[in-house]
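Let's take a friendly walk around the ligand site of this model. Have the sequence and the 3D view at hand.

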Amino acid sequence: MEMKRFLTCVAVPAFLCSQAAAVEIAPDAVKIDEMKVSQSLTGATGNAEEGAKVLANRGLGNCLACHVVTPLAKEQFHGNVAPALDGVADRWSEAELRAIVVDAKRVFSEETVMPAFYSLEVGINVRKDLAGKTILTAQQVEDVVAYLTTLKGSK
Ligand code: HEC
């Protein structure tokens, strides 16, 4: 395993090698181009299982307050003010899903009720203790994106 990692590292440019040490992309440095954020915010692929937990967590994503997600049906509290996320990976690429989670307002419109999860501009009524923070961390965004990319076909 270590050997394999070493070999990968000598074969690719150094900046791809330092994954573990990679600096996160800060919220105000994320570029959304044509509705896409192509680069992982952490420099690595997220963990879909952790992402599912973020979706269901009311203090974090709270995605289920607005979205139905059939594979998470055992979690209560499914809202339907927004499209069901079933099959969402057939409709959007990974880069587009990342952009939607980072800042739906910059993808859909300023009017969307969907919060900007990785933006410092979350709204005007920001609690003092939340000022300067994003709703989700870069890692949580990547975990959510990893989970969303599993939602294909009838899922
Ligand atoms: C307050 C309600 C709300 C919350 C919370 C919310 N969304 Fe949304 N979301 C929407 C709405 C509404 C849309 C449709 C776009 C629009 O018209 O504004 C949408 C669209 C989307 C889309 C595109 C769906 C499609 O099929 O086109 C994705 C993906 C998505 N949301 C993911 C998430 C994730 C992941 C979370 C949690 C981290 C989340 N949303 C939390 C309201 C919400």
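## The shell around the ligand

Helix H4 (88-91), helix H5 (94-102) and helix H7 (138-148) each bring at least two residues to the shell around the ligand; helices here are DSSP runs (H or I) of at least four residues, numbered from the N terminus. This is a predicted model, in which local features need pLDDT of at least 70, side-chain atom pairs count only at pLDDT 80 or more, and totals for chains, interfaces and linings use all residues. Residues are numbered from 1 along each chain as its sequence is written, and side-chain values use heavy atoms, without hydrogens and water.

Of the 22 residues around the ligand, those coming nearest are Cys 63, Cys 66, His 67, Thr 112 and Met 114 (a residue is near if one of its heavy atoms lies within 4 Å).

## The iron site

Which residues coordinate the iron atom of the ligand? His 67 (NE2) and Met 114 (SD) do, at 2.0 to 2.2 Å. His 67 lies in the loop between helix H3 (48-56) and H4, while Met 114, 47 residues apart from it, lies in the loop between helix H6 (104-107) and H7.

## Side chains at the ligand's oxygens

An N or O atom in the Trp 92 side chain is 2.8 Å from a ligand oxygen. For the Thr 112 side chain, the corresponding distance to a ligand oxygen is 2.5 Å.

Notes
A polar contact is a pair of N or O atoms within 3.5 Å; within protein, one must be able to donate a hydrogen and the other to accept it, and residues adjacent in sequence count only if both atoms are side-chain atoms. Donors are N, O and S atoms within 2.8 Å of the metal (3.2 Å for Na, K and Ca); water is not among the atoms, so sites may look incomplete.
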